[in-house]
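Please look over the sequence and the structure shown here before reading on. The paragraphs that follow will lead you through them step by step.

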Amino acid sequence: MSVQRIRAGFTLVELLVVIGIIGLLIGMLLPAVQQAREAGRRASCKNNIRQLSIAITGYEDGNRRLPVSGLVGAPSGKPFDPRSGKMFSWVVLLLPFMEENALFESFDMRLTNLEQPRSPGAKTLMGMLCPSDVYPNAVFENPSLTNGKKFAKANYAAYVGPFHIDNQATFPGAINSNPRHRTTKIIDGSSKTIQLSEVRIRDNPLDQRGAWALPWPGSSILSLDVHSTNSRAFVVETRYLGQSQTPNNQGPLYDVLYECPDPANAQLEGMPCNDYETTRYLSASPRSLHTGGVMITFADTSVRFLLDEVSDELMAYMISINDGKSGLDYDAAVR
């Protein structure tokens, strides 16, 4: 009498069910993994921008003044021209307080930033890169603008004022062109005045945004482009509201660059821009790849997350240092 052996195994239907369950579990797990990774990247980004703000405090302690927004040719109190003079950004001045003494020494202060034989501005500063951005090795090298020099890009910029970058002497921000500027000049309170923000990088060498060594719009400095009804202390002119450079702005105003390369793709990437020759004013928006806003520091070095939906009126008063509106409640704009 023969004994029939029964072979154990999966039927095709059972195998497909198991594969389907595994796929479902992976689909449920992957977003959680991605969220955990982004949380880690945001934490690193937050630490980087805070350390940069602390370095600004160190600069002020050592020099009895804050770094100027840029070493340019325009005299103090006159319109700020980023493409004049030495063209060194506030970041260059801050290097010794970022443990980058050797890099600072490699800048020849007798020459402009576009004449440096060692091209120190081409060095990538890891502490100024937000891990959430995706182009850590991007450089700016535009034959018509940079004199053959390369400039590494970074993800943090300073607010120079609530209006236009060129009008920062009249309506200053936390970092501005006044060579005698100190935190004590921030009469609205250092804990209520935006100092630094994130900016995004494009992997396009013709795009100036993020070039940390240059005091150019979207490179290392920002402004909101909200107008004032007063020629002295800043007072928001309401008729221009709704068309300014709020976080991750997609229009109607675009980042104003000296040259906006490949504007169609720039807009597809969420970084629309215009040429300065078209607009004749200078401003740029804070940007990040975080969902819903950008990391900022206040002038007291505290870090918050500024929401995309912040009103431009409130943000203007958060940037201006002398509007006298220190009692404004901005809790709905940050978290």
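**Salt bridges, strands, cores and cavities**

At 61% relative accessibility, Arg-239 counts as exposed, where exposed means over 50% relative accessible area, buried means under 20%, and partly exposed lies in between (1.4 Å probe, protein chains only). Its salt-bridge partner is Glu-237, with N and O 2.4 Å apart, and Glu-237 is buried, with a relative accessible area of 15%. A salt bridge here is a side-chain nitrogen of Lys or Arg within 4 Å of a carboxyl oxygen of Asp or Glu.

This is a predicted model, in which local features need pLDDT of at least 70 and side-chain atom pairs count only at pLDDT 80 or more, while totals for chains, interfaces and linings use all residues. Residues are numbered from 1 along each chain as its sequence is written, and side-chain values use heavy atoms, with hydrogens and water left out.

Side chains of opposite charge can pair when their charged atoms come close. Searching the whole structure gives 10 salt bridges. One of them joins Arg-202 to Glu-269, whose closest N and O atoms are 3.1 Å apart. This pair links distant parts of the chain, 67 residues apart, with Arg-202 in the loop between S6 and strand S7 (221–223) and Glu-269 in the loop between helix H4 (263–268) and strand S9 (273–275). Helices (H or I, at least four residues) and strands (E, at least two) are DSSP runs, numbered from the N terminus. Arg-202 is buried, with a relative accessible area of 2%, whereas Glu-269, at 32%, counts as partly exposed. Arg-209 and Asp-207 also meet in a salt bridge (2.9 Å, N to O), and both of these residues are buried. A network of salt bridges links Arg-202, Asp-207, Arg-209, Asp-255, Glu-269 and Arg-287.

Now turn to strand S6 (residues 194–198), where 5 of the 5 residues are buried, so that the strand is largely enclosed by the rest of the structure. Two strands pair if DSSP finds at least two bridges between them. S5 and S6 run antiparallel and are joined by 3 bridges, with Glu-198 in S6 as the bridge partner of Tyr-156. S6 is also joined by 3 bridges to strand S10 (residues 293–298), again antiparallel, and there Leu-196 has Thr-297 as its bridge partner.

Which residues have the most contacts inside the largest nonpolar core? They are Trp-90, Met-128 and Trp-212, in a core of 51 residues; a nonpolar core is a set of buried Ala, Val, Leu, Ile, Met, Phe, Trp, Tyr and Cys residues joined through side-chain atoms within 4.5 Å. Among the elements that give two or more residues to this core are helix H1 (12–63) and strand S5 (156–161), and H1 gives the most, with 6 residues. Apart from this core lies another, of 26 residues, including Leu-224 and Ile-296.

Finally, the structure holds 4 cavities of 30 Å³ or more. On a 1 Å grid over the protein atoms alone, a cavity is a set of points where a 1.4 Å probe fits but cannot get out, and lining residues have an atom within 4 Å of a point. The largest cavity has a volume of about 60 Å³, and its lining includes Asp-188, Lys-192 and Leu-314. The second largest cavity, of about 50 Å³, has Glu-198 and Arg-287 among its lining residues.

Definitions and conventions: 1 Å grid on protein atoms, 1.4 Å probe; cavity = no way out; pocket = protein on both sides within 12 Å on 5 of 7 lines; lining within 4 Å. Points joined across faces, edges and corners; volume = space filled by probe spheres on them.
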